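Q: I'm new to reading charged side chains in a model. Could you walk me through it?

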Amino acid sequence: MPTGLSSTRFSPSRLPSPRLPSDGPAAVGGTPTGRDPGVGSPRVLVVDDHRTFAELLAGALAAEGMDIVGIAHSAGQAVTMAEQLQPDIVVMDIQMPSQDGLSATRRLRELAPRAVVAVVTAHRDPDWVVRAAQAGASAFIPKDGSLSEMLEVLSRVRAGQMLVAPSAFAAHPPTSRSDPVDGAVAAKLTPRERDVLGCLGRGMQVKTAARTLGISPETCRGYVKSIHTKLSARSQLEAVLTAQRLGLLAAPGAP
């Protein structure tokens, strides 16, 4: 593998040196994968139509102890290899010729149900996070983020959740709390709705949030529905992303 990888951004010719990030990925929900934690190295399939990037990324992940079982350069090849190899993790590029990575994600979730998919993409818009989650992905990682960030996300990815790498929020910095748009949205939320929103931002499911706040699950669901309406969100994930973008929730990793 090439040496001198000191850059903090991915590129086809350079990959950054690994270091543990101070900010952890933001999570929504989650259940364990079929692989027992700590038992062997995760078996990883890398999918990217850019051959140089795919090979360099595979080498970087292998150097960190992951078992690279294959590299696919198209969505169709990814689906076939996932069915044959049954990897633990599929690192999937979204934009590829002929068929996009999200379509491939839907298909391989049927053929390799024990695998979790981490999408790696140049997109940062929150809508793409929602699309990835709806396709069955369990992690969202910007392509120009650091290798250390990717390693952190891949070490924590679980089925049934969506981990969003901290760098995904870089293009959408929180609005100033004095901003009138932020203030207008904040004014619409009741104190209890803010409490529920805070629980959602910490990755809690409705039942867990209800227990934490000492309310019934039905009441909590009512607050969640109201939050969705006020934030114009279609899901818990989108509500959290919108709230973070507006500064109503702390950014991932913030105290």
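Q: Which residue lies over the face of Phe53?

A: A charge sits over a ring if NZ of Lys or CZ of Arg is within 6 Å of the ring centre and within 35 degrees of the ring normal. Here Lys143 does that for Phe53, at 4.9 Å from the ring centre. Arg131 likewise lies over the face of Trp128, at 4.5 Å from the centre. Before we go on: this is a predicted model, where local features need pLDDT of at least 70 and side-chain atom pairs 80 or more, while totals for chains, interfaces and linings use all residues. Numbering starts from 1 along each chain as its sequence is written, and side-chain values use heavy atoms, with hydrogens and water left out.

Q: How many salt bridges does the structure hold?

A: Side chains of opposite charge can pair when their charged atoms come close. We call it a salt bridge when a side-chain nitrogen of Lys or Arg is within 4 Å of a carboxyl oxygen of Asp or Glu. The structure has six. One of them joins Lys143 and Asp48 (2.9 Å, N to O). Those two sit in separate loops, 95 residues apart. Asp48, Asp93 and Lys143 are linked in a salt-bridge network.

Q: Is Asp48 buried or exposed?

A: Buried is under 20% relative accessible area, exposed is over 50%, and partly exposed is in between (1.4 Å probe, protein chains only). Asp48 is buried, at 3%.

Q: Where do Glu152 and Arg156 lie?

A: An α-helix has 3.6 residues a turn, so residues three or four places apart point the same way. Glu152 and Arg156 are four residues apart in helix 5, and their side chains form a salt bridge (3.8 Å, N to O). Helices are DSSP runs (H or I, at least four residues), numbered from the N terminus.
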